[in-house]
Amino acid sequence: MTSAVLRGREHTRIGAVDVVAEGPVAIANSRGGAPKNYLHTDPNEDVAGFLQGPGGAFLVVADGHSGFEASEVVVENLLAYPAPQWTEADADFHAGWSRHALAALCDANLDILRERSEGLNLESETTLVATLVRPDSRDLLYACVGDSHLFVATRGGVHELGARPGWPTPFLGARKETPDTLHTRCQLGRHDLTDALAVVCVTDGLSEQGIGVEDPALAIGEAVSAAAELPADMRAMGLARDICERACSAHQRQRAGDNVAVAVAWVGR
């Protein structure tokens, strides 16, 4: 198994994009293309991570609010505990993905609250997109909390999964949770990757109105098309970097920044 994490607190230079890739998966992180023009605690509060195992790849991005602690805790919790089991070759979720995901999210939420009890940060909370990509079965399993994004790009277009337009943004770390309460505050699902080229998880630094790109799905589609022209072993890396750079360019044009964390898997055949 291989894994990597890009923590926002370690990536604080405006305009810089940092990328880690391992074959068909990659993550990227940037403070953004311009300074934030809204109240915030830390320069970069977003985190991206991946774990690649014999049965697939786990991707996760988290957008911290009121500090980096919650996003960092949730990503490290998921990568350390459920992800190694979920990416085993014989892992089977046909009857129980929702139960597995809700249990893992509750554990991660408890970890955030435990950090608070130790006095590290009494305010920090986070959105989350976590996905499990199973290439052999062409399955995507996902869990989304809040307004970070999950896109699947195919030759026919780009589709967003897990979005709830108009709904209040929920966060992990905001309160105590049970599987029942979390079930009403997150999106869980399965998607067929038969025709897919890429899976993209990205925080809202790409999409925030007046900060990010005007049409996030279009930006993802253009980045996927560009990555498809690269050698196969560079597509995931190129895609993650391109998405971050498109967001940063939008920030520069609008003189308003936000953090951007990206995690991608190239699944095209």
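Which strands does helix α5 lie across? In this predicted model, helix α5, residues 216-228, lies across β9, β10, β12 and β13. Its direction is at about 50° to β9.

Let me go through the sheet those strands belong to. Six strands make up an open sheet, and the order is β2-β3-β13-β12-β9-β10. The pairing is antiparallel. At the edges are β2, residues 18-22, and β10, residues 157-161, each of which pairs on one side only. On average, neighbouring strands in this sheet are turned by 15° against each other, ignoring direction.

Take one pair as an example. Strand β12, residues 196-202, and strand β13, residues 260-266, are joined by 5 bridges. In that pair, V200 stands opposite V264 of β13.

In soluble globular proteins, nonpolar side chains tend to be buried together. The largest nonpolar core here has 31 residues, and those touching the most other members are F58, V60, V74, L78, L105, L128 and L172. Elements giving two or more residues include β4, β5, α1 and α3. Helix α3 supplies the largest share, 8 residues.

What does L172 contact, leaving aside its neighbours within four places in sequence? The list includes V74, L105 and L128, along with N109, E125 and L182.

There is also a second, separate core of 28 residues; A28, A153, A227 and L239 are among them.

Terms used:
Residues numbered from 1 in each chain as written. Predicted model: local features only at pLDDT ≥ 70, side-chain atom pairs only at ≥ 80, totals over all residues. Heavy atoms only, no water. Core = buried A, V, L, I, M, F, W, Y, C linked by side-chain atoms within 4.5 Å. Buried < 20%, exposed > 50% of the residue type's maximum accessible area, 1.4 Å probe, protein only. Helix = DSSP H or I, 4+ residues; strand = E, 2+ residues; numbered from the N terminus. Contact = heavy atoms within 4.5 Å. Pairing = 2+ DSSP bridges. Axes fitted to C-alpha atoms, helices over the stretch in contact; angles between N-to-C directions.
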